[in-house]
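This report is written for a reader who is new to the structure shown below. It takes up single residues, then the surface, then the protein as a whole.

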Amino acid sequence: MKKKSIWWGITIIIMLVIFYFSSQDGTHSSALSESVMERFFKFILNDVSDSQQELLHTFIRKMGHFSIYLVLGIAVFNLIRCYRTQKAFIFSLLICVFYAISDEIHQSFVGGRSPAVTDVLIDLAGSFVGIGCTLIIVQRIQRKQQKRLADDMK
């Protein structure tokens with residue numbers, strides 16, 4: 001029960017963070033990603049053209065989508081696993097996709113922002129990777145535990 005509460009809390013916090021970032025107007029959101037770009041790539045930005053900087057800026061924004069949804073996928077998958085369902089992968093992916101779609105709809109009401117199908121696809125990819133990696137890790141741990149139990153019974 002405690003594990004379930006922890007994963008509910010983590011999932012809700014991640015969803016609130018996504019909602020917060022989506023609530024920022026276009027100017028503020030763009031300034032934030034430009035700030036991240038300048039901090040991480042300050043040493044190469046002097047040698048990069050404006051079009052390359054714009055491409056880098058877009059890449060950082062899209063990696064933000066991918067990364068936060070990767071983390072959301074991990075949290076949702078672990079939450080759904082607490083309910084011991086055999087379809088945790090599918091349910092988790094569906095929850096993440098529906099949240100990504102609702103996030104894009106939400107952005108349509110924020111000044112300077114607009115919904116994008118490509119963002120939903122990037123969010124889906126991040127969720128898929130997070131859920132898939134977590135599933136693989138869980139399966140390996142379970143196999144090791146089963147092997148250990150079988151060895152102990154010998």
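## Y99 in helix α4

Y99 lies in helix α4. The model is a predicted one. Is Y99 buried or exposed? With a relative accessibility of 17%, Y99 counts as buried, because buried means under 20% relative accessible area.

Setting aside neighbours within four places in sequence, the contacts of Y99 are M15, L16, I18, F19, Y69 and L72. Y99 can also be placed relative to L124: the two residues are 25 apart in sequence, and their C-alpha atoms are 9.9 Å apart in space.

H106 is another residue of helix α4, which covers residues 88-107. Its relative accessible area is 17%, so H106 is buried.

Which residues does H106 contact, leaving aside those within four places in sequence? They are F19, S22 and S23. F19 is also among the contacts of Y99. For H106 and S22, the separation in sequence is 84 residues, while the distance from C-alpha to C-alpha is 7.3 Å.

## V110 and the loop between α4 and α5

V110 belongs to the loop between α4 and α5. A relative accessible area of 11% makes V110 buried, since the cut-off for buried is under 20%.

Residues up to four places away in sequence not counted, V110 touches S22, S23, Q24 and D25. S22 and S23 are also contacts of H106. V110 and D25 are 85 residues apart in sequence, and in space their C-alpha atoms are 5.8 Å apart.

## S127 in helix α5

S127 is found in helix α5. Its relative accessible area is 1%, and S127 is therefore buried.

What does S127 contact, apart from neighbours within four places in sequence? The list is Y69, L70, G73, L93 and C96.

## The salt bridge

How many salt bridges does the structure hold? There is 1. The side chains of K62 and D119 form a salt bridge, with a distance of 2.5 Å from N to O. K62 is in helix α3 (residues 50-81) and D119 is in helix α5, so the pair ties together parts that are 57 residues apart in sequence.

The two partners fall into separate accessibility classes. K62, at 27% relative accessibility, counts as partly exposed. D119, at 5% relative accessibility, counts as buried.

## R84 in the loop between α3 and α4

R84 is located in the loop between α3 and α4. Its phi angle is near 55°, which is a positive value in a residue other than glycine. Is R84 buried or exposed? The relative accessible area of R84 is 75%, and R84 is therefore exposed, because exposed means over 50%.

## Patches on the surface

A patch of positive charge on the surface is made up of R140, R143, K144 and R148. One of these residues, R140, lies in helix α5, which covers residues 117-153. At 54% relative accessibility, R140 counts as exposed.

The surface also has a nonpolar patch, formed by I90, F91, L94, F98, I101, I105 and F109. Together these residues have about 740 Å² of accessible area. F91, one of the members, is found in helix α4. F91 counts as partly exposed because its relative accessibility is 40%, between the cut-offs of 20% and 50%.

## The protein as a whole

The protein has 5 helices and 0 strands. Along the sequence, its pattern reads α-α-α-α-α. Of the 154 residues in the protein, 32% are buried; among them are S127 and V110.

Which share of the contacts between residues at least 6 apart in sequence joins residues at least 24 apart? The share is 73%. The protein exposes about 10,300 Å², and 67% of this area is supplied by carbon and sulfur atoms.

Note on methods: Residues numbered from 1 in each chain as written. Predicted model: local features only at pLDDT ≥ 70, side-chain atom pairs only at ≥ 80, totals over all residues. Heavy atoms only, no water. Patch = residues over 30% accessible without salt bridge, like charges linked within 9 Å, V, L, I, M, F, W, Y side chains within 5 Å. Areas by Shrake-Rupley, 256 points an atom, 1.4 Å probe, with all protein chains shown as cover. Salt bridge = Lys/Arg side-chain N within 4 Å of Asp/Glu carboxyl O. Lys, Arg positive; Asp, Glu negative; His and termini not counted. Charge placed at Lys NZ, Arg CZ, Asp CG, Glu CD. Helix = DSSP H or I, 4+ residues; strand = E, 2+ residues; numbered from the N terminus. Buried < 20%, exposed > 50% of the residue type's maximum accessible area, 1.4 Å probe, protein only. Contact = heavy atoms within 4.5 Å.
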